Structures are given as C-alpha cells and as structure tokens.
Amino acid sequence: MEEDRLFIVFLAVAVVVLLARGLAGRLRVPDAIVLVLLGMAAGFVPALPAVVVPPEVVLLGFLPPLLYHAAFFTAPREARADAVPIFALAFGLTTVTTVAVAATLHALVPDVGWAAALAFGAAVSPTDPVAATSVMQRLGAPPRMVTILEGESLINDGAALTIFGLAVEALGTDFTVAHGAARVAQIVLGGVAYGLVVGIVVRRVRRWISDPVSQIIVSLITPYVAFVPADRFGASGVLATVVAGFSIGTHGEGFLQPASRLAGTTFWRILTFLLESALFVLLGLEIREIVRAPGGRTWGTVVAVALAVSAVAIAARLLWQLGNAPLARLVPGGRRSQAGLGLRERLVIGLGGMRGAISLAIALSLPIGLGAERGLLVLLAALVVLVTLVGQAPLLPVLLRRLGLIEPERRRAESMLARKAGLQAALTRLDELVEEEDVDDQTAEAFRQMLELRLERVRYFLDREGAEGPRPPDSRYVRTELVGAQRARLQVLYRKGRIGAETLREIAGTGLRGPRGGEEAALMNPEAPLRRGVSARSGGRRRRGSRRRCAGCAS
C-alpha cells in the first residue's frame with residue numbers, strides 16, 4: 001500500500017538523520033559527507049522501496065525553504081565589502097563551469113543532447129557552502145573566506161537555476177538567441193522585483209505579530225509565497241525567494257521578540273537539516289533503480305564520465321580562482337576588493353567548492369520525459385556530489401594548517417568584545433531608566449548585579465587572552481552542575497507536594513523567557529519574570545511611534 005511505502009521512507013529519513021548526526025560528531029566531519037554516504041547506502045537496503053521523486057516535488061517542496069534560509073542569514077556588510085569576488089564566482093564561474101561540464105559530458109556521451117548537457121552542467125555548477133564553511137569555522141579560518149564562500153553559494157544557486165530553466169525549455173521548443181535574451185530579462189528582472197515586493201510586505205506584516213508560533217508560520221510560508229507565483233508567471237522563483245529572504249533578514253532587525261528569534265532559529269536549523277537529509281535518502285532510493293541500467297551504459301563508463309566531469313568542475317574552479325585577479329581589477333572597486341586575497345586564500349577558496357543538496361535537488365527536478373537519459377544524469381550528479389564532498393572536504397583542514405590560515409582564538413576574542421560592548425550598553429540604559437523613574441531601585445539593583453557579574457566574567461576572559469598558563473575554565477560545566485542541583489531540589493519539592501506539576505513545568509520546562517533556551521533559561525535567569533514589565537515600561541517611552549515589540553532586544 002502507498003501508506004506503507006510513505007511510512008518506510010519517512011522512517012528511513014529519520015534513521016539516516018540520527019546516524020549522520022552521531023557519526024559526524026564522532027568523526028568530526030561535516031554532516032553532508034556522512035549524509036551523502038548513508039543516503040546512497042540506504043538505496044541498497046532490500047527492505048526499502050524504490051521511489052521516483054517527481055520533479056515538481058523537489059522544486060516546490062525542497063528548494064524554496066533551503067534558498068530562503070541561506071538568504072536570510074547572509075551577512076550584508078561583509079557581502080557588500082566582497083561583492084566583486086562573490087559576483088565573479090557566482091556568475092562568471094557558474095557560467096564557465098556549466099559550459100565546461102556540458103562540453104565534457106557531450107564529448108564523452110554524444111547521445112546526450114546539448115540542452116540536456118547544459119541542464120546537467122547547471123545542476124552541478126552551484127556550490128554548497130555547508131561542508132566547507134563548517135570546517136573553516138570550526139578551525140578558525142579567516143572570516144572573509146567564509147563570507148565569500150557563503151555569498152557565492154547563495155547567488156550562484158539563482159544563476160545556475162536560471163541557466164537550468166532555459167536549458168529545460170530548450171529541450172522541448174526551438175530556442176533562438178533573441179528568445180533566450182528576452183527570457184533572461186523576464187526571469188531576472190521579474191524575480192528580483194517580485195522578491196523585493198514580498199520582502200517589504202512580509203516585513204510589515206511581521207511587525208504586527210508578537211506570537212512566536214505565528215512568526216514561525218509566517219516565515220515558513222514566505223519562501224513559497226515568493227517562489228510559486230514568480231515561477232508561475234515566468235519569472236525566477238529562485239531569485240524571488242533569495243531576494244525576499246535577504247531583504248527580510250537584513251532589514252528586519254528589531255521586530256522580533258527574543259523568544260521568536262530563538263524558536264525561529266531552532267526551527268529553521270532543524271527544518272533545513274531534515275530537508276537536506278531527505279534529499280540524500282530520496283536520491284539513494286531512486287538510484288537503486290538507476291544503477292541496474294544506468295542509461296544503457298556500463299558501470300565502467302558511468303564512473304569514468306563522473307570522474308572526468310568532477311575533474312573538469314574542480315579544475316575550472318581552481319583555474320578561475322587563481323587566474324581571475326587581473327580581470328577583477330578592471331571592475332570598479334575590483335582592485336580594492338582583491339587586497340588581502342593572496343595565493344593562499346585563493347587556493348583554499350578554489351578547493352572549497354563542494355557540491356551538495358542544491359545540486360541533488362536540481363538534478364532530481366530534471367523532466368521525467370528524458371527517459372533513461374534522466375536516470376544517467378541524476379546518477380552522474382550524485383557521483384559528482386560524492387567525489388567533491390568526500391574528495392575535497394578532508395583536504396581543507398590540512399590545507400588550512402599547512403598554509404597558516406588558522407586563527408583559533410579570533411572568534412572567541414571577537415565574541416567576548418561583542419558581549420562586553422552589549423553589557424556596557426545595557427548598564428548605561430539601566431541607569432537612564434532609573435533616572436526616568438521607569439524602574440524602581442530594587443528592580444534596577446537586581447538587574448545591575450546580574451549584568452555586572454556577566455561583565456566581570458567577560459573581562460576575565462579578555463584579560464586572559466594571550467596570557468601564559470591555563471585558559472579560563474569553560475562555564476558550561478559549572479552551569480550544568482548548578483542547573484542539575486536546582487532541578488533536583490525542584491523534584492524534591494514536587495514529590496513532597498510543596499509545588500504542583502504546572503509550577504514545575506513553568507520553572508524547569510520550556511524556559512522560553514530566558515535567552516539561552518531550554519531548562520537552563522528559566523533556572524539560570526531569575527530575572528526572566530521581571531523582563532516583561534521592564535520592557536513594556538521602557539518601550540513605551542523610548543520607542544514611541546515605533547511598532548517594534550522587542551524593546552529590550554540586544555540583537
């Protein structure tokens with residue numbers, strides 16, 4: 001029965017997710033590497049059913065939220081500063097890689113027409129930043145390289161999918177240069193314009209919503225509101241989604257309550273991981289049928305073509321990254337943007353172009369009408385993802401260490417400086433509230449003691465930076481022990497009938513009122529019940545005329 005098949009598929013996704021998380025943590029490798037291996041292995045489990053994923057399911061179900069999530073969390077200042085290298089990679093390299101891969105595939109497999117070859121080239125040209133940036137951030141690589149990789153991966157998705165859409169159109173219609181130019185203008189301009197409208201409207205709507213659950217619901221439907229209408233009217237749903245996500249993420253600061261931000265961040269982190277995991281599992285289940293007869297070719301031919309295509313994609317990126325500096329300097333602002341990007345940085349960025357979930361999603365959205373050729377192209381795309389992830393990701397840590405690009409203490413020091421500035425600003429504002437008689441002295445003293453204790457802790461860490469001797473102890477152990485002691489005492493009070501179950505859940509349960517989330521928030525933040533009153537009183541005077549409900553937000 002169909003219900004049984006769906007249940008087995010959902011169960012397979014859950015098992016792969018749990019195994020991937022556990023193995024990736026133990027092996028200290030990016031989740032994407034484990035996911036691609038387990039996902040393909042799942043396809044050969046006899047008990048699992050074979051599936052054929054409809055292209056429209058991938059386009060509508062997977063791509064919009066994945067693109068929106070990436071765009072929402074883009075760093076605007078850093079992306080503007082490195083706009084030239086980002087756009088050079090996102091547009092120039094994506095086009096070069098698409099053409100190079102398509103030419104290689106067409107030369108090795110002449111039966112695949114140019115339109116299908118270009119569609120395949122577009123599928124494997126966009127990079128997935130998760131594997132590369134997760135390695136770089138864990139090791140403490142320079143943040144500029146991480147920003148360039150993240151910015152590139154966000155924009156090259158739109159460029160690749162635009163080429164992909166045109167190639168798919170060319171599969172069934174006569175395609176002229178004039179028609180292609182008109183369609184590019186319609187796709188790009190229409191997608192960008194509609195995405196800006198969606199971003200403006202959603203920002204205004206979300207300012208009026210204070211409930212965290214409603215905020216999450218609005219954020220969930222936003223990528224589909226951006227993607228589907230744009231796609232239906234011939235514009236780029238991808239660009240509309242990316243522009244909407246970028247607009248909301250960079251201009252929406254302050255209209256979310258802390259609880260909404262915390263819940264939303266957690267929700268989207270889980271959702272994107274599940275979607276990527278599901279893509280790998282679904283691909284594995286579909287590959288089992290493909291490998292039996294991969295487009296009528298032998299396995300030796302398929303592997304040779306996959307290795308050749310992967311080598312061309314990797315070589316094109318390396319050559320482009322190492323050789324585009326003279327051209328980039330001709331662009332306005334290009335000479336300034338190239339400062340600090342030496343041979344070492346270019347080499348790492350060149351080897352950081354792994355493929356991932358987006359390439360799989362694009363390949364799976366190839367039209368069913370391609371027949372056996374579709375199965376071959378999907379299989380080749382999966383092998384390219386496998387080669388680039390498993391072959392390149394383990395080299396990054398070695399390369400970063402050998403080239404001396406690791407700054408292990410930079411992020412820690414930067415975080416402490418930011419916390420120090422925020423705490424000092426909070427103390428200054430607290431004094432202003434006392435002078436304005438918005439807060440009574442007893443409440444102000446309670447908050448002042450809490451803020452000064454945290455500030456003293458931050459200063460202790462900053463004073464120890466670069467000093468000899470043992471590093472400052474991690475506060476997580478102490479915090480965990482204190483939370484455990486409080487939980488144990490709460491359980492004693494509950495068993496003795498001194499407090500009820502509702503009180504126990506309120507104090508040690510959800511912890512939505514604290515900034516840390518979970519049980520720890522309510523137990524370790526005794527000021528949480530006071531925050532609502534202080535925010536309400538200060539917000540009315542300080543932000544009169546503003547619709548922000550997050551008067552006390554620090555971010």
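This is a tour of a predicted model, taken one selection at a time.

**Whole chain**

Start with the chain in cartoon view. It has 25 helices and zero strands. Of its 555 residues, 46% count as buried. Switch to a surface view: the accessible surface comes to about 27,300 Å², and carbon and sulfur atoms account for 63% of that. For contacts in the chain with a separation of 6 or more, 79% are between residues 24 or more positions apart.

**Helix α6**

Select residues 114-124, which make up helix α6. Nine of these 11 residues are buried, so the helix is largely enclosed by the rest of the structure. The buried positions are Ala-115, Ala-116, Ala-117, Ala-119, Phe-120, Gly-121, Ala-122, Ala-123 and Val-124.

**Arg-317 and Glu-152**

Next, show the side chains of Arg-317 and Glu-152. They form a salt bridge, with the closest N and O atoms 2.7 Å apart. Arg-317 belongs to helix α13 (residues 299-323) and Glu-152 to helix α8 (residues 143-172), so the pair ties together parts that are 165 residues apart in sequence. Is this pair, Arg-317 and Glu-152, buried or exposed? Both residues are buried.

**Gly-350**

Gly-350 counts as buried because its relative accessibility is 0%. Draw a distance between the C-alpha atoms of Gly-350 and Arg-317: the separation is 5.7 Å, although the two residues are 33 residues apart along the chain. Leaving aside residues up to four places away in sequence, Gly-350 touches Arg-317, Leu-318, Gln-321 and Gln-392.

**Helix α20**

Move to residues 410-435, helix α20, and show Arg-429 and Glu-432. Their side chains meet in a salt bridge, at 2.9 Å from N to O. The two residues are three apart in the helix and so are separated by about one helical turn. An α-helix has 3.6 residues a turn, so residues three or four places apart point the same way. Arg-429 is buried, at 15% relative accessibility, whereas Glu-432 is partly exposed, at 35%. Arg-429, Glu-432 and Glu-436 are linked in a network of salt bridges.

**Helix α21**

Select residues 441-464, helix α21, for another pair three residues apart: Arg-448 and Glu-445. Arg-448 has a relative accessible area of 18% and is buried; Glu-445, at 36%, is partly exposed. The count of salt bridges comes to seven.

**A charged patch**

Return to the surface view and colour Arg-489, Arg-495, Lys-496 and Arg-498. What do these four residues form on the surface? They gather in a patch of positive charge. Zoom in on Lys-496, which lies in the loop between α22 (475-495) and α23 (501-508). With a relative accessible area of 64%, Lys-496 is exposed, because the cut-off for that class is over 50%.

**Last view**

To finish, show Lys-496 and Gly-350 together. Lys-496 is exposed, while Gly-350 is buried.

Definitions and conventions: Residues numbered from 1 in each chain as written. Predicted model: local features only at pLDDT ≥ 70, side-chain atom pairs only at ≥ 80, totals over all residues. Heavy atoms only, no water. Patch = residues over 30% accessible without salt bridge, like charges linked within 9 Å, V, L, I, M, F, W, Y side chains within 5 Å. Areas by Shrake-Rupley, 256 points an atom, 1.4 Å probe, with all protein chains shown as cover. Lys, Arg positive; Asp, Glu negative; His and termini not counted. Charge placed at Lys NZ, Arg CZ, Asp CG, Glu CD. Helix = DSSP H or I, 4+ residues; strand = E, 2+ residues; numbered from the N terminus. Buried < 20%, exposed > 50% of the residue type's maximum accessible area, 1.4 Å probe, protein only. Contact = heavy atoms within 4.5 Å.
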